[in-house]
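Hi everyone, thanks for making time for this. I'd like to walk you through one structure today, with an eye on its charged side chains.

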Amino acid sequence: MNQQLAVERHLDLGLKDLWYPVVASWEVGNSPVGITRLGENIVLWRDTEGKVKALEDRCPHRGARLSLGWNLGDRVACWYHGVEVKGDGVVADVPAVSACPMTGSKCLRSYPVIEKHGAIFLWFGLDPDAEPADLVLPEQLDSGEWSSFLCQADWAVNYRYAIDNVMDPMHGSYLHSTSHSMAEGDRSADMRARNTEHGFIFEKVGQTGVNFDWVEFGSSGAFWLRLSIPYRRQFGPGGEFWIVGLATPVDEHHTRVFFWRARKVSGWQRDVWRFLYRNHLEQLHWDVLEQDRVILEQMAPDARDHEFLYQHDVGLSRLRRLMKKTAEQQLARLAARQEAENHA
């Protein structure tokens, strides 16, 4: 495989050394749950204290999916032959045979886990044994002054197109022109990028608080996108309505998108907003997400190879360059490690 194809393949399955949300917290209960993220099969379960464990979803004996087995608290047992593997990937027991040499060996990859804001995050390290970075998310999630709801959806599209979509504020005036919150604003604009602490903002010049006017990309342990849109008083307390989004690759053709909808409200206004959101606003915002899903899923998988980009695309072009450079660096690290192992 030549270098360019290797970089594209690496990008399509997701950059490493990042935290990714993989499922909502409510999706993992007592039984093991099998998922695919970044092209990797993973089993999740909760131990006796309710903490989430994550392993590659493969019994080291014959390769059966551990997610089809049983939750034994600190370990999961394979349905096929009962092999028990702990949350750190070490085989705890092989009940079918005594003194099995597999017992006590670390046979599977384990994934660091953080559970917060109603989601389960996994660290996909380039080196499985290296310590993960800190996960720092925007204040709309990490500050107690804000209230938020998590929305997630599965799209049949590569995650890079989902990211491109959010990095494109101009589409709001067209694709979402009938939305309750994005019906206003100019349908043409000059765009500019400016640096922030964790990344950069891409915004319309001379228009703020009218439509989908800007978006921020941030890298702080995870790649996240943040934006705000106007909030009409007929739908609750006025002011800005914020969205923090992350896109997690399932494989090269599927993505799970996570969007937290947030407002800085307290006291009775927080209660009113949460009531109104659940009973009315949530469906309006699902309608907007559905417009994004339809337009993206109907694009050809190789649409990026036939583009004619212009000034409104400066933001997504900048982010693409950053992601490509990161992919090249990660592949170089992998190659260097392989070379060192070959000469060890």
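Before anything else, one term: I'll call a residue buried when its relative accessible area is under 20%, exposed when that area is over 50%, and partly exposed in between. Please also keep in mind that this is a predicted model.

Let's begin with the overall picture. The protein chain has six helices and 17 strands. Its radius of gyration is 22 Å, close to the 20 Å that the globule rule gives for 344 residues, so the chain is as compact as a globular protein of that length. Along the principal axes, the C-alpha trace spans about 70 × 55 × 35 Å. Of the 344 residues, 51% are buried. If you take the contacts with a separation of 6 or more, 58% of them come from residues 24 or more positions apart.

Now to the charges. There are 38 positive and 47 negative ones, and their mean positions lie 2 Å apart. How many salt bridges does a search of the whole structure find? The count is 24, and I've picked a few to look at.

Here is one between Arg-160 and Asp-12, with the closest N and O atoms 2.8 Å apart. Arg-160 sits in helix α3, residues 159-166, while Asp-12 belongs to helix α1, residues 3-13, so this pair ties together parts that are 148 residues apart in sequence. Arg-160 counts as buried because its relative accessibility is 9%. Asp-12, at 22%, counts as partly exposed.

Arg-304 is in the loop between α5 (267-297) and α6 (314-342), so here the linked parts are 140 residues apart in sequence. Are these two buried or exposed? Both Asp-164 and Arg-304 are buried.

My last pair is within a single helix. Glu-297 and Arg-293 form a salt bridge whose closest N and O atoms are 2.6 Å apart. The two are four residues apart in helix α5, which means that about one helical turn separates them. Both partners are partly exposed, Glu-297 at 23% relative accessibility and Arg-293 at 22%. Elsewhere, salt bridges that share partners join Asp-164, Arg-304, Glu-307 and Arg-320 into one network.

Technical notes
Residues numbered from 1 in each chain as written. Predicted model: local features only at pLDDT ≥ 70, side-chain atom pairs only at ≥ 80, totals over all residues. Heavy atoms only, no water. Salt bridge = Lys/Arg side-chain N within 4 Å of Asp/Glu carboxyl O. Buried < 20%, exposed > 50% of the residue type's maximum accessible area, 1.4 Å probe, protein only. Rg over C-alpha atoms; globule rule 2.2 N^0.38 Å. Contact = heavy atoms within 4.5 Å. Lys, Arg positive; Asp, Glu negative; His and termini not counted. Charge placed at Lys NZ, Arg CZ, Asp CG, Glu CD.
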